[in-house]
Amino acid sequence: MSQPANFSKLMVVSLLGALSLLLVEIRFEHREALAEAWQSWIPLFYCGAMLALGAAALTRWQRGGRQVLMVGFAAAFLIGFLGLWFHSKGHPISEVFRVLAAWTLRPGDAGGIKMGTPPVLAPLAFVGLGSMGVLVCSWCFPVEQTIQSLDSAQDTHSEGSSKPALSTMSSGAIDRSGHSRGHQRSMKQ
């Protein structure tokens with residue numbers, strides 16, 4: 001890709017697509033549990049909120065949208081670990097070992113696990129998608145850093161500078177307080 005920001009946006013769009021597929025699948029898998037336990041609504045609300053947030057944040061990518069999406073994707077860690085906790089009925093370690101013990105069973109042997117029990121590791125899909133989203137949104141390419149620096153400089157300048165200060169700002173002759181060095185010399189005299 002010629003523009004790294006477009007690649008990042010494309011990755012975010014694909015991650016949001018994956019969340020939309022998860023939304024459909026979880027709605028199907030939780031069809032009975034939705035009437036029985038409030039916890040089964042958590043991943044549905046998260047996926048729906050991320051799709052809405054993602055659409056809005058992509059339109060404002062350079063103006064804070066990337067950072068908002070990063071927080072949203074970071075929340076997926078919480079959703080995934082909560083799902084692990086609820087699917088394991090509060091015993092994630094022992095249930096994960098039970099899942100891993102399936103590798104020692106002969107094909108066709110249930111190993112004492114009832115059919116219809118929630119898949120213990122399935123909620124960790126949120127952790128995977130969230131980690132990819134955080135990485136994509138936090139990776140700032142040099143071109144993007146330059147654009148963000150120029151945007152913040154322009155915002156700072158438009159908050160109270162005059163046109164003559166703009167020429168000194170572009171030449172790098174501005175100190176931390178926002179005054180030009182020439183202005184400081186005339187103040188000392």
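This is a predicted model: local features need pLDDT of at least 70, side-chain atom pairs count only at pLDDT 80 or more; totals for chains, interfaces and linings use all residues.
1. Overall make-up. The secondary structure of the protein comes to 8 helices and 0 strands, and, read along the sequence, these give the pattern α-α-α-α-α-α-α-α. Of the 189 residues in the protein, 25% are buried. Among the contacts with a separation of 6 or more, 71% are accounted for by residues 24 or more positions apart.

2. The largest nonpolar core. This core holds 23 residues, and the members that touch the most other members are Val12, Leu19, Leu69, Phe73 and Phe126. The elements that give two or more residues to the core are helix H1 (4-29), helix H2 (42-59), helix H3 (65-87) and helix H5 (125-138). H1 gives the most, with 7 residues.

3. Phe126 within the core. Phe126, which is one of the core residues touching the most other members, deserves a separate look. Leaving aside residues up to four places away in sequence, Phe126 touches Leu19, Leu22, Ile26, Pro43, Tyr46, Cys47, Ala76, Ile79 and Gly80. Leu19, in this list of neighbours, is also among the core residues that touch the most other members.

4. The pair H3 and H5. The axes of these two helices come within 8 Å and cross at roughly 160°, and H3 and H5 are therefore roughly antiparallel to each other, given that angles over 145 degrees count as such. The crossing of H3 and H5 is left-handed. On the H3 side the contact involves Arg66, Leu69, Met70, Phe73, Ala74, Ala76, Phe77, Ile79, Gly80 and Phe81, which meet Phe126, Val127, Leu129, Gly130, Ser131, Gly133, Val134, Cys137 and Ser138 in H5. By class, the residues of this contact divide into 13 nonpolar, 5 polar and 1 charged.

5. The pair H2 and H3. Here the axes come within 10 Å and cross at roughly 170°, and H2 and H3 are therefore also to be described as roughly antiparallel to each other. From H2 the contact takes in Ile42, Pro43, Tyr46, Met50, Leu53, Gly54, Ala57 and Leu58, while H3 supplies Gly65, Val68, Leu69, Gly72, Phe73, Ala75, Ala76, Ile79 and Phe86. The residues of the contact of H2 with H3 comprise 14 nonpolar, 3 polar and no charged residues. Leu69, Phe73, Ala76 and Ile79 of H3 take part in this contact with H2, and these four H3 residues are also listed in the contact with H5.

6. Leu16. This residue is placed in helix H1 and, at 8% relative accessibility, counts as buried, the cut-off for that term being under 20%. Apart from residues up to four places away in sequence, Leu16 touches Met50, Leu51, Gly54, Leu58 and Phe73. The C-alpha atoms of Leu16 and Ala52 are separated by 9.7 Å, although the two residues are 36 residues apart along the chain.

7. Thr117. The loop between H4 and H5 contains Thr117, which is partly exposed, with a relative accessible area of 40%. Although Thr117 and His87 are 30 residues apart in sequence, their C-alpha atoms are 8.2 Å apart in space.

Notes:
Residues are numbered from 1 along each chain as its sequence is written. Side-chain values use heavy atoms; hydrogens and water are left out. A nonpolar core is a set of buried Ala, Val, Leu, Ile, Met, Phe, Trp, Tyr and Cys residues joined through side-chain atoms within 4.5 Å. Buried means under 20% relative accessible area, exposed over 50%, partly exposed in between (1.4 Å probe, protein chains only). Contact means heavy atoms within 4.5 Å. Axes are lines fitted to C-alpha atoms, for helices over the stretch in contact, and angles run from 0 to 180 degrees between N-to-C directions. Angles under 35 degrees count as roughly parallel, over 145 as roughly antiparallel, 65 to 115 as roughly perpendicular and the rest as oblique. A crossing is left-handed if the near helix is turned anticlockwise from the far one by less than a right angle, and right-handed if clockwise. Ala, Val, Leu, Ile, Met, Phe, Trp, Tyr, Cys and Pro count as nonpolar, Asp, Glu, Lys and Arg as charged, and the others, Gly among them, as polar.
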